[in-house]
Amino acid sequence: MCGIIGYVGFLDAKKTLIDGLQTLEYRGYDSAGISYFTDDGIQTIKTIGKVSVLRELVKAQADDIVSTCGIGHTRWATHGGVSDTNSHPHTAGKVTLIHNGIIENYQELQRELEEKGKHPVSQTDSEIAAMVIDDCYQGDPEEAIRLATGKLTGAYGFCIMFEDIPETIYAVRSGSPLVAAHTEKGSIIASDMVALVSHTKHYFVLQENHIAKITKDEILVKNEYGDLYGPTIHHISWDVGAAKKGGYDYFMMKEIHEQPEALRNTITPRVVHGMPDFSTDNVPDEIFTGIHRIVITACGTAMHAGLIGRNMIERLARIPVTVEIASEFRYQNPIIDQHTLLITISQSGETADTLAALKLGKTKGAKTLSVVNVKGSSIARESDYVLYTHAGPEIAVASTKAYTVQLSLMYLIAFRLAYVTKNISEEETRGYVENLMGIADKVEDALSYDSQIENISKRLTLSDHIFFIGRGLDYALSCEGSLKLKEISYIHSEAYAAGELKHGTISLITDNVPVVALATQPDVYAKVISNVQEVRSRGARVILITDINASVDASLCDHQVVLPETSPLFTPFVSAVVLQYLAYYVSVEKGLNVDQPRNLAKSVTVE
């Protein structure tokens, strides 16, 4: 949930760390801090507020110290409130540490330390981790780290400096991500590749329980047995410009506009001679045979992509699919066996609940297939097979392009599965693929709707409640549209299957309550229009989203958004753009920080 970075090399460490933290701020922005080596030992500067506050604080010190080794942290508070004391880095004895994750047994460890007369000054689990490492330290840092992590329960990514070992950083992880690289200008490690891309395009993922010793000349990695380990080097396919706003006011708008390219990058490599093909992903057709049911598990936006995936798979492949919230799935003693295909979806590949669900599914014998955006991530490594989305970095907390590329892979999975199981013919499969190949162009068309949606959004900023309704694919998309709106505008919003309104929800519809109605599916269009009439008769302000062929009485809605002509099964892609715009412009109109909504972080790496 937090952004961490370490650097040792030939550059100014303070500047390098702060610049890196600026790119990582989407992972947390309650507080920020750095620690760095000096001739007088380790110095620490930390403060509540964003990285910009830290930058000014460092400038204000106006010291002449030039450090070439340090660690930095930007925090999303989990344990302990937002305060300077609870900010990272934390120091205990000779150990200074930054942490991403949660130590679950910190209270037990704290009691053990207090029996030794050692008391924390903060209210954080992270300081307890630093104290445990220091308590284990007898001059051998790697031994201390192994002993200490053996006592820790939970998720962690640590970057650690020992006061008596200058110009060196140690790192270890379990659950929480860490990526690292060595360049001619030194070595760098971080919780996300966006902090590395300005330095290099080559990196490796630190494996769980491996310890990295990071110096200006090299990065040495040892496995859990203490043996040297040569990590696999990955290549970043995007450049530093992809991690910057590119002229847009917010990353979210930039990423909305990147969707056509991301879709083409994700779909095109998986289409061979007009057919869906996962051979370059090393995903064999055998994964789709002999299965009696499919379970899709994910969190938040990724789970909403799974809802549409369920609709498409059941519609085409005629195999029962359930979509499970990952945080609930692992505690339900789920019915899974060797005839189950478990599909996990995660943008970061580090979502803690989804990773836990994946591991549980494997223990029960399920085949596992994951849809993730980050190569070498924990979910990618744990899964039997992986389909990588090619969205590039997504910086805004509210997911946009990651969602639509996840949709595209769910469609391709549905097509391939239905074809392999002989539920659709080759000719039908080619027709579906042809539509999907053209969807990036349709999304580009939808991008031109920004002014129309901006005007509509101005009417919504004073609303206390907004409702989204739809049926079938439109209901699945309504769930995502509602989440987008509430997470960045702070307006209470709910999505309902339109037919459920009369079963209680319609009591909440009163004069001027906005209702966003999606009516793009011909087979249920008349039913949705009937539901729209119900809310209209109770005074609702209706924003109606339809396909181009719909005939609508002007009195039925306050605003009608007519989508670009698209095959009905593929309208979620273009409807998504409209709903993303709606959330974005309502947030802008309210003067909020679109990219960094309160209390949220981009990558949820703890339960």
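# Close-up views of the predicted model

**View A. Cysteine 69 counts as buried, its relative accessibility being 0%.** The structure shown here and in the views that follow is a predicted model. The cysteine sulfur closest to that of cysteine 69 belongs to cysteine 159 and lies 10 Å away, which is too far for a bond. For cysteine 136, the closest cysteine sulfur is also that of cysteine 159, here at 19 Å, and this too is too far for a bond. With a relative accessible area of 11%, cysteine 136 is buried. Two sulfur atoms would have to lie within 2.5 Å of each other to count as a disulfide. The structure as a whole holds 0 disulfides.

**View B. Helix α10 runs from residue 352 to residue 363.** The 12 residues of α10 reach 17 Å from the first C-alpha to the last, close to the 16 Å expected at 1.5 Å a residue. Because 9 of these 12 residues are buried, α10 is largely enclosed by the rest of the structure. The buried positions are Ala352, Asp353, Thr354, Leu355, Ala356, Ala357, Leu358, Leu360 and Gly361. The elements that cover them include the strands β17 (293-298), β19 (340-346) and β20 (367-372), together with the helices α9 (326-329) and α11 (378-382). Just after α10, glycine 365 adopts a positive phi of about 90 degrees.

**View C. The largest pocket has a volume of about 710 Å³.** Its lining is made up of 39 residues, and those nearest the centre of the pocket are Met193, Trp238, Asn373, Gly392 and Pro393. Strand β11 (202-205) and helix α7 (259-267) each contribute at least two residues to this lining. The greatest contribution, 3 residues, is that of α7. Sorted by class, the lining of the largest pocket comprises 17 nonpolar, 13 polar and 9 charged residues.

**View D. Valine 205 is placed in strand β11.** Valine 205 is buried, as its relative accessible area is 9%. Beyond the neighbours within four places in sequence, valine 205 is in contact with Leu178, Val179, His234, Lys375, Gly376 and Arg381. Isoleucine 233 stands 28 residues from valine 205 along the chain, and the C-alpha atoms of the two are separated by 7.9 Å.

**View E. Isoleucine 4 belongs to strand β1, which covers residues 3-9.** Isoleucine 4 has a relative accessible area of 0% and is therefore buried. Setting aside residues up to four places away in sequence, isoleucine 4 touches Leu24, Gly72, His73, Ile98, His99, Asn100, Gly157, Cys159, Leu178, Ile189, Ala190 and Ser191. From isoleucine 4 to histidine 234 there are 230 residues in sequence, and the distance between their C-alpha atoms is 20 Å.

View F. Of the 14 residues in its lining, Cys2, Thr78, His88, Gly101 and Ser126 are the closest to the centre of the cavity. Rolling a probe the size of a water molecule over the atoms shows where empty space of this kind is left. Strands β4 (69-75) and β6 (95-103) and helix α4 (125-136) each supply at least two residues of the lining of the largest cavity. Strand β6 provides the largest share, 3 residues. By class, this lining has 3 nonpolar, 9 polar and 2 charged residues.

**View G. The second largest cavity has a volume of about 30 Å³.** The residues lining this cavity are Tyr7, Leu11, Thr183, Lys185, Gly186, Ser187, Ile188 and His199. Strand β10 (residues 186-190) supplies 3 residues, the largest share of the lining of the second largest cavity. This lining divides into 3 nonpolar, 4 polar and 1 charged residue. A search of the whole structure finds 2 cavities of 30 Å³ or more.

Definitions and conventions. Residues numbered from 1 in each chain as written. Predicted model: local features only at pLDDT ≥ 70, side-chain atom pairs only at ≥ 80, totals over all residues. Heavy atoms only, no water. Helix = DSSP H or I, 4+ residues; strand = E, 2+ residues; numbered from the N terminus. Expected span 1.5 Å × (residues − 1). Buried < 20%, exposed > 50% of the residue type's maximum accessible area, 1.4 Å probe, protein only. Contact = heavy atoms within 4.5 Å. 1 Å grid on protein atoms, 1.4 Å probe; cavity = no way out; pocket = protein on both sides within 12 Å on 5 of 7 lines; lining within 4 Å. Points joined across faces, edges and corners; volume = space filled by probe spheres on them. Nonpolar A, V, L, I, M, F, W, Y, C, P; charged D, E, K, R; others polar.
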